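Welcome! Have a look at the sequence and the 3D picture, and then let us walk through them together.

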Amino acid sequence: MNNTLAKSYYQLNNLPSARQYALTALKVNKNITILKQGVDSYKLLYLIEKQRLNINLALSYHEKYSELEVEHLEGEKAKHVAFQLAKLQAFEHEKQIKLLNEANDFLAAEQVLAKNKVANIQLIITAMTLIIIMLAIGGNTFMAIS
């Protein structure tokens with residue numbers, strides 16, 4: 001909130017109030033726990049001191065601003081890389097699941113074919129047994145007639 005007030009006062013060209021709120025923002029965020037807040041505070045202080053022609057202090061604030069900006073961008077880049085890595089891993093998992101589902105479908109089809117093969121063999125054996133029985137009965141009948 002202090003940064004927002006400082007920016008507002010800066011835009012109104014009220015440099016003393018802008019400076020006061022920017023310094024307060026730095027005090028509130030004294031350990032620079034929120035990098036973006038620190039970046040905003042130091043950038044604003046740099047702009048204020050530059051406009052006040054206090055070059056040494058402006059340079060000091062600009063150096064701190066630049067340092068925090070680099071840290072902030074590296075953090076954002078790390079988040080982006082982590083997000084992309086997570087997306088890639090999710091994509092790989094989806095592909096693995098798809099491949100496993102296809103393998104399961106193939107194995108299920110193979111199992112159905114194996115059952116059908118067994119059923120066909122059983123039918124052939126049953127048919128051959130009936131043919132043998134019929135031939136035996138027919139042979140006995142033929143022998144009995146002759």
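This is a predicted model: local features need pLDDT of at least 70, side-chain atom pairs count only at pLDDT 80 or more; totals for chains, interfaces and linings use all residues.

Let us begin with E49, which is buried: its relative accessible area is 0%. Which residue does the side chain of E49 meet in a salt bridge? The partner is R19, with 2.7 Å from N to O. This pair links distant parts of the chain, since R19 lies in helix α2 and E49 in helix α3, 30 residues apart.

Is R19 buried or exposed, or something in between? R19 counts as partly exposed, because its relative accessibility is 25% and the buried class ends at under 20%.

The protein chain has a mean pLDDT of 88, and 95% of its residues reach 70 or more. Where is the confidence lowest, and where is it highest? The lowest mean, 85, belongs to helix α1 (residues 2–11), and the highest, 91, to helix α4 (residues 55–145).

## A closer look at helix α2

Which residues of α2 are buried? They are L15, S17, A18, A22, A25 and L26. Among the parts that cover these buried residues are α1 and α3 (35–51).

Another joins the side chains of K36 and D40, at 3.2 Å from N to O. Both of these residues lie in helix α3, four residues apart, or about one turn of the helix. D40 counts as buried at 14% relative accessibility, whereas K36 is partly exposed at 38%. K36 and D40 also belong to a network of salt bridges that includes K7.

Now move along to helix α4, where K79 and E76 lie three residues apart, again about one turn of the helix. Their side chains meet in a salt bridge of 3.4 Å, N to O. K79 counts as exposed, at 56% relative accessibility, while E76 is partly exposed, at 37%.

Technical notes. Residues are numbered from 1 along each chain as its sequence is written. Side-chain values use heavy atoms; hydrogens and water are left out. pLDDT is the predictor's confidence in each residue, from 0 to 100. Helices (H or I, at least four residues) and strands (E, at least two) are DSSP runs, numbered from the N terminus. Buried means under 20% relative accessible area, exposed over 50%, partly exposed in between (1.4 Å probe, protein chains only). Contact means heavy atoms within 4.5 Å. A salt bridge is a side-chain nitrogen of Lys or Arg within 4 Å of a carboxyl oxygen of Asp or Glu.
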